[in-house]
Amino acid sequence: KLITFLLSWRILKRARDKVYEELVNVRHTVTQEQEDKVKNELDLLKQKTGAEIDHLRLTAQKVYEQEKQLLLSSREAAVADRNDSLRKLSDLQDKYYELSDAYNSYQTTSSAKISEY
């Protein structure tokens, strides 16, 4: 009986060791699968984040270019308005001097005619 018991004991011990090794292998496999799944999800998130960053960068660049064009257009319009105003001022000043000279000439002529009478 002792021999049978010892043989049974060895068989049980081997079976226990085999089950333990299978348990360790299954744990390792499950852990590896979970790590791979997390890594894949992380890679996917990195790709999505990169795409969103690129999209934001392009959108910001587009908005910047639009604002730049708008500012340049506004500046050009302001410069054109300034130049037009300066031209009108110059025309008005010329007209003023012309009218002033005509008035002075009229006054001189009038004074001369009044002095003759």
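Biologist: Of the 117 residues of the protein chain, what percentage count as buried?

Modeller: In this predicted model, 0% of the 117 residues of the protein chain count as buried. The accessible surface of the chain comes to about 11,500 Å², and 59% of that surface belongs to carbon and sulfur atoms.

Biologist: What does the C-alpha trace span along its principal axes?

Modeller: The C-alpha trace spans about 170 × 15 × 10 Å along those axes.

Biologist: Where is H28 found, and is H28 buried or exposed?

Modeller: H28 is found in helix 1, and at 52% relative accessibility H28 counts as exposed, because the cut-off for that class is over 50%.

Biologist: Switching to charges: how many salt bridges does a search of the whole structure find?

Modeller: The search finds five salt bridges. As background, side chains of opposite charge can pair when their charged atoms come close. One of the pairs here is R87 with D84, where the closest N and O atoms are 2.4 Å apart.

Biologist: How many residues apart are R87 and D84 in helix 1?

Modeller: R87 and D84 are three residues apart in helix 1, which is about one turn of the helix. R87 is partly exposed, with a relative accessible area of 45%, and D84 also counts as partly exposed, at 28% relative accessibility.

Biologist: Which residues are linked with D84 and R87 in a network?

Modeller: K88 and D91 are linked with D84 and R87 in a network of salt bridges.

Biologist: What about R57, which side chain does that one meet in a salt bridge?

Modeller: The side chain of R57 meets that of D54, at 3.2 Å from N to O. Both R57 and D54 lie in helix 1, and they are three residues apart, or about one turn of the helix.

Biologist: And are R57 and D54 buried, partly exposed or exposed?

Modeller: R57 counts as exposed, at 53% relative accessibility, whereas D54 is partly exposed, with a relative accessible area of 40%.

Biologist: Which residue forms a salt bridge with R16?

Modeller: R16 forms a salt bridge with D17, and the closest N and O atoms of that pair are 3.7 Å apart. R16 counts as exposed at 54% relative accessibility, while D17 is partly exposed with a relative accessible area of 33%.

Biologist: For the chain overall, how far apart are the mean positions of the positive and negative charges?

Modeller: The protein chain has 20 positive and 20 negative charges, and their mean positions are 17 Å apart.

Biologist: Last topic, the nonpolar side: which residues form a nonpolar patch on the surface?

Modeller: L2, F5, L6 and W9 form that patch, and together they have about 480 Å² of accessible area.

Biologist: Where does L2 lie, and is L2 buried or exposed?

Modeller: L2 lies in helix 1, which covers residues 2–116. With a relative accessible area of 60%, L2 is exposed.

Definitions and conventions: Residues are numbered from 1 along each chain as its sequence is written. This is a predicted model: local features need pLDDT of at least 70, side-chain atom pairs count only at pLDDT 80 or more; totals for chains, interfaces and linings use all residues. Side-chain values use heavy atoms; hydrogens and water are left out. Patches are made of residues with over 30% relative accessible area and no salt bridge: like charges are joined within 9 Å, nonpolar side chains (Val, Leu, Ile, Met, Phe, Trp, Tyr) within 5 Å. Accessible areas come from the Shrake-Rupley method with a 1.4 Å probe; for residues, only the protein chains shown count as cover. A salt bridge is a side-chain nitrogen of Lys or Arg within 4 Å of a carboxyl oxygen of Asp or Glu. Helices (H or I, at least four residues) and strands (E, at least two) are DSSP runs, numbered from the N terminus. Buried means under 20% relative accessible area, exposed over 50%, partly exposed in between (1.4 Å probe, protein chains only). Lys and Arg count as positive and Asp and Glu as negative; His and the chain ends are not counted. The place of a charge is taken as NZ of Lys, CZ of Arg, CG of Asp or CD of Glu.
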